[in-house]
Amino acid sequence: KVRHLGTAGHICVVTNLNQRALALLQSVRQPVVVVAIAGLYRTGKSYLLNRLAGKDRGGFSLGATVQSHTKGIWMWCLPHPRRAGHTLVLLDTEGLGDVEKGDAKNDVWIFTLAVLLSGTLVYNSLGTIDQRALEQLHYVTELTEHIKVKVAGEGGRQKGEDSAEFVHFFPAFVWAVRDFTLQLELDGREITEDEYLENALKRRQGQPEKLDLPKKYLRQYFPSRKCFVFDRPAPRCDLARLDELPEAALSPDFLEPAQRFCSHIHQHAGTKTLPGGHVVTGTLLGNLAVTYVIAIRSGAVPCMESAVLALAQIENSAAVGEAVAVYEEQLEWRAALPTESVQELLEVHAQCEREALRAFMARAFKDDEQQYQQQLKDKLDSKRAELCHRNEEASSDRCKAVLMELSQELEERVREGSYSVPGGYQRFLADQREMVEKYQRVPWKGIMAAEVLQQFLKSKETVAQAVLQTDQSLTDRQREIEAERARAEAAEREAQRSQAMQAKTEQLLQDQTRSHQEHVQQLTAKMEQDRKQLLAELSGWVLSSRGSRHLERRACPVETRTDGTGGPCLQEAARALRSLGIDTIPVLHLTPGPRHSPRH
Ligand SMILES: Nc1nc2c(ncn2[C@@H]2O[C@H](COP(=O)(O)OP(=O)(O)OP(=O)(O)O)[C@@H](O)[C@H]2O)c(=O)[nH]1
Ligand SMILES: [Mg+2]
């Protein structure tokens, strides 16, 4: 079920996830804009998606016969033509309603997966948006049976309660009407394509409720709607070889809307996000597909909340791994061991930890108990201990090498007996002092300089004692005084060493406090960002992909509430807003009803 066309990775889902295609998707670390196309079989879906990819030939395979062609869901990843650093993921789905298809359940899952995986869903149909076209969209009314938003809690959730939240999760909806040959005119007035769609979705007076259901659910679940109508692309005789025709041979009445359609999708199809606003990368989308397919295969109803939680665990583990890798990379770049002081080393560690934490915060989500952040903290703490140890070793090695070289001459003289003469002890002391001074002038010895010197001099104490004892020019009393002085000097050096050790312990403690503050600070910043995102979601306003200055209306949790009750969705929104200290917030009112309540 896999073919490779250039860089396109194809994936057949529902029962099977093609492993190569999945690996390809999971290797995409960029945020993804996911556009899926669904609709009846043999309606030109693959052809339209190829245009969206900028390919008039190649790409998704078309079929020219009456037999349905695309099977399963096929994926194509390509660099986003307008948004740098983003990947456009196109999902071409198997045509719905094929009479030859054995299992009708397959269609429902295809449609459900297209809804769950995409950020923009293009519904494709032929002719006009009439009652028949709407009835063919019965998959929308069945979504409540096939998607669960929340894991059933105590006492379970009402079906309506659950589906009222679909608006928060569902993709933007674009209806592509193909082979449309009518005039866009209503009651003698020219109308836009969007008005055409909205008019078709209006409830007709006296219409039985059952007939209104697809319209009702479309209005309810997909508050962001757009419509494009396309004329037939070429004369009937050329349709079978459409992908071989040059652009100039295509009808301008097809090319013009096709151009607007592509522009709209490229410009407005937003980056796919998870509930809570977390941006979906190719890796995440791959994991999401796996989670949903496993649920479907096991006969369960895919649940968005548990999928997001399962995803968060995978992603947060990966975020810990990535953060540690960032730490190591930064360390490689910043640290030259041994450092001159513990302070200097801890500053380097602090910078690396900050970058690592940033990488973690950018990737992790729903780490509500900070379980993964704690994991990262533990790892970085042991990295710090390891770093301190490596720094000490590097310093020790260097100091020992320096001392070895500087003490060569002195040791040679001891061996030759140069100090076994009257006054030899004073000369020995002078030479040793000179050697210590030279040692102290050598740069970049690191934090073990004093310790290693102390050990070195201690190891030479017996030699010094021997020289002292053999110096005939000294009286016994003088020898005793000299020995006492040597002991005092050694004690002094020992005191200095333990003072340095104590200072180091204190610095490490201070660094722990700093590290804790850094974690708290970055966590607070992330929580504030999440809070703003939640606010944006709840208020039904989301930042458009064009940047923060452009706001775009997208979702409204109270859209269908015209009876004044507000519904569970509105109540939940209001509760959340109150907890954020906000009394009221305007929301977009899409379908004013005769008895609607003030929308605040
Ligand atoms: N009449 C008409 N034919 C089209 C249009 N676009 C493409 N075709 C032709 O219709 C045939 C089917 O096109 P596909 O793009 O494979 O249709 P599909 O919806 O992907 O089909 P399935 O994968 O079987 O569901 C091909 O011969 C296309 O050249 C269109 O806008 N109008
Ligand atoms: Mg197709």
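Accessible areas here come from the Shrake-Rupley method with a 1.4 Å probe, and for residues only the protein chains shown count as cover. By that method the protein exposes about 30100 Å², of which carbon and sulfur atoms supply 51%.

This is a predicted model: local features need pLDDT of at least 70, side-chain atom pairs count only at pLDDT 80 or more, and totals for chains, interfaces and linings use all residues. Residues are numbered from 1 along each chain as its sequence is written, chains are lettered from A and ligands numbered from 1 in the order in which they are written, and side-chain values use heavy atoms, with hydrogens and water left out.

**Overall build**

The protein has 20 helices and ten strands. Helices (H or I, at least four residues) and strands (E, at least two) are DSSP runs, numbered from the N terminus. Of its 600 residues, 47% count as buried. Buried means under 20% relative accessible area, exposed over 50%, and partly exposed in between (1.4 Å probe, protein chains only). Contact means heavy atoms within 4.5 Å. Among contacts between residues at least 6 apart in sequence, 72% join residues at least 24 apart.

**Strand E3**

Seven of the seven residues of strand E3 (residues 87-93) are buried, so E3 is largely enclosed by the rest of the structure. Thr-87, Val-89, Leu-91 and Thr-93 point one way, while Leu-88, Leu-90 and Asp-92 point the other way.

Val-35 has Leu-90 as its bridge partner in E3. For Met-75, the partner in E3 is Leu-91.

Leu-48 is found in helix H2. Leu-48 is buried, with a relative accessible area of 0%. Beyond four places in sequence, Leu-48 touches Ile-37, Asn-124, Ala-176, Arg-178, Phe-230 and Phe-261. Ala-176 lies 128 residues from Leu-48 along the chain, yet their C-alpha atoms are separated by 9.4 Å.

Helix H2 (residues 45-52) also gives the largest share of the lining of the second largest pocket, three residues. A pocket is an open set of points on a 1 Å grid over the protein atoms alone, where a 1.4 Å probe fits, with protein on both sides within 12 Å along at least five of seven lines; lining residues have an atom within 4 Å of a point. About 720 Å³ of space lies in this pocket, a volume being the space filled by probe spheres set on the points. Of the 31 lining residues, the closest to its centre are Arg-42, Thr-43, Gly-44, Gly-63 and Leu-239.

Technical notes: Pairing = 2+ DSSP bridges.
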